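The sequence and the structure come first, and the description follows.

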Amino acid sequence: MALEADRTGSRADTFLFLVCVSLSLVVMALPVSWRDPMAGVLRRSVLAPLLMLQEQSTQFQASRAVFVELERQRDSAALAATFLPALRAENERLRGLLGLGERLGVGYVPAEVLHQAEPTSPLTLVIRAGGRRGVRRLAPVVSPEGLLGTVDEVEPRTSTVVTWAHPDFRASAMAADGSVYGIVASAGGSGPGGLWLLELRGVPYRQTVAQGTLIVTAGLGGVIPRGIPIGVVMDTAAVESGWERTYLVRPLAQPASVGHVVVLVIPADADASRGFAPRDARQ
Amino acid sequence: MKREDRVRFAVLLAALVIAQFTVRGRFAGERIAPDFLLLALQLYAIRAEPGAGAVAGFLLGLLRDALTPASFGSGALAHTLVGYLTGWGKAVFFAENVIANGAFFFIGTWLRNAVVALASGTLRDDRLIHELLVTSPLQGLTTAAVGVGLLLVFRGWPAVRPRVL
């Protein structure tokens, strides 16, 4: 009986299904200039309370971890109270060293990453910081390890970040010693086990880059400041005979695992290298 | 459906939506953690007609696309397919037992991820293979486990209710 009942409704069901599929295809075919405002409206309206819920949950989680850490510190502090003056001096010194934001001084906005469940979620991230906190379009987004991407869409309370894994991502790059320049772009999941990698393209044929060379942003193009670590050269990906070389680069910052990021709002001609610890210190 | 059943079902769906934005972030493997929103869609689609499942899937997919603009539209397409096929599968296979529902949840999650990965065109080569053969099946398993757990805890009342003429 029930099976027959379902079949009687199948014509209307098929019609609804085809309409939904057609609408999905239309949405996929929309130009980016239409898609982004549409997505922005949804994020600011229907999804706003849910994103706020996710943000509070993330903050609660972080607060709990901080609380546990503080309890440990309190116990340690009670034990070491007799050495208070020395501890105070050491604390001051560590406070001066810790934290990417503090190293950068001014011109940064910290933000939580609101991860999603889809397989393409590492390509674009939604972060909980927007125009109200000074985030601008194309501002570089970094983690303590290095460059994560650039801001693509800015809304009052949230922003969308195009990460280095996105096929459209490009950044001018150079070897840390300035000997080689090129353009960094996503190489997709071309690493072992589908590992996301980057490519350093456009390196002149006569120049070679040794494995393990640190690649940083070059600051050319007026978008991303100079000196932000990107990755480490792994291998040669391709050689355009007599013309240019392409190198595979292992990125330092991983979009899928990062929980908090920093949006840089410093001028594009600034030098951001002082915000990042030397490579040896990071490893 | 009784009014009491409808209310309980709505509460369950609301709880799954809240879990997606609160509990899910606490799982260690973010990419293989259960997808509570997809589970809510499938629980709804199992009880509803295929057309209603498709519409619900389209709307849910569109909302999720707003959070992952790299694949805008492909989420709507994927969730439409999952919503429709879950409702249709219920009619064809008459899935009233927990194991069959668990299989629906697993296949639905894998299918959603596969359609998003293929339709968006942003995953290629090894990454695509890894997504289809490793990450998506694992997420399908965790989602199915949660779905089956819910059906067992609630003694099957969220499961399929055939329409009677």
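The model is a predicted one. Of the 165 residues in chain B, 54% are buried. Among contacts in chain B with a separation of 6 or more, 67% join residues 24 or more positions apart.

**Helix H2 of chain B**

H2(B) has 12 residues, and its first and last C-alpha atoms are 17 Å apart, close to the 16 Å expected at 1.5 Å a residue. Because 12 of its 12 residues are buried, H2(B) is largely enclosed by the rest of the structure. Its buried residues include B:Phe36, B:Leu43 and B:Arg47.

| Helix pair | Packing angle | Distance between axes |
|---|---|---|
| H2(B) and H5(B) | about 125 degrees | 10 Å |
| H2(B) and H3(B) | about 165 degrees | 9 Å |

H2(B) and H5(B) pack at about 125 degrees, which makes H2(B) oblique to H5(B). H2(B) passes H5(B) in a right-handed crossing. On the H2(B) side, B:Leu38, B:Leu39, B:Gln42 and B:Ile46 take part, and they meet B:Asn101, B:Phe104, B:Phe105, B:Gly108, B:Thr109 and B:Arg112 of H5(B).

For H2(B) and H3(B), the angle is about 165 degrees, and angles over 145 degrees count as roughly antiparallel. H2(B) is therefore roughly antiparallel to H3(B). Their crossing is right-handed. H2(B) contributes B:Leu37, B:Leu41, B:Tyr44 and B:Ala45 to this contact, while H3(B) contributes B:Gly53, B:Ala56, B:Gly57, B:Leu60 and B:Arg64.

An α-helix has 3.6 residues a turn, so residues three or four places apart point the same way.

**Helix H6 of chain B**

Helix H6 covers residues 125-153 of chain B; at 1.5 Å a residue its 29 residues should span 42 Å, and the end C-alpha atoms are 41 Å apart, which agrees. H6(B) also bends by about 40 degrees at B:Glu131. B:Glu131 is itself one of the buried residues of H6(B), which also include B:Arg127, B:Gln139, B:Thr143 and B:Leu150. The buried residues of H6(B) pack against helix H2 (36-47) and helix H5 (98-120) of chain B.

**A position in helix H1**

B:Ala15 is found in helix H1 of chain B. How many other C-beta atoms lie within 10 Å of B:Ala15? The count is 14, so B:Ala15 is partly exposed. B:Ala15 and B:Ala40 are 25 residues apart along the chain, and their C-alpha atoms are separated by 9.1 Å. B:Ala40, for its part, is among the buried residues of H2(B).

**Contact with chain A**

The contact between the two chains takes 53 residues from chain B and 50 residues from chain A. On the side of chain B that touches chain A, at least two residues each come from helix H1 (3-22), helix H3 (50-67), helix H4 (74-93), H5 and H6 of chain B. H3(B) gives the most to that side, with 11 residues.

Notes
Residues are numbered from 1 along each chain as its sequence is written. Chains are lettered from A and ligands numbered from 1 in the order in which they are written. This is a predicted model: local features need pLDDT of at least 70, side-chain atom pairs count only at pLDDT 80 or more; totals for chains, interfaces and linings use all residues. Helices (H or I, at least four residues) and strands (E, at least two) are DSSP runs, numbered from the N terminus. The expected span of a helix is 1.5 Å times one less than its number of residues. The bend at a residue is the angle between axes fitted to the seven residues ending there and the seven starting there. A residue is buried if 20 or more other C-beta atoms lie within 10 Å of its own, exposed if 12 or fewer, and partly exposed in between; C-beta atoms are placed from the backbone. Two residues are in contact if their C-beta atoms, placed from the backbone, lie within 7 Å. Axes are lines fitted to C-alpha atoms, for helices over the stretch in contact, and angles run from 0 to 180 degrees between N-to-C directions. Angles under 35 degrees count as roughly parallel, over 145 as roughly antiparallel, 65 to 115 as roughly perpendicular and the rest as oblique. A crossing is left-handed if the near helix is turned anticlockwise from the far one by less than a right angle, and right-handed if clockwise.
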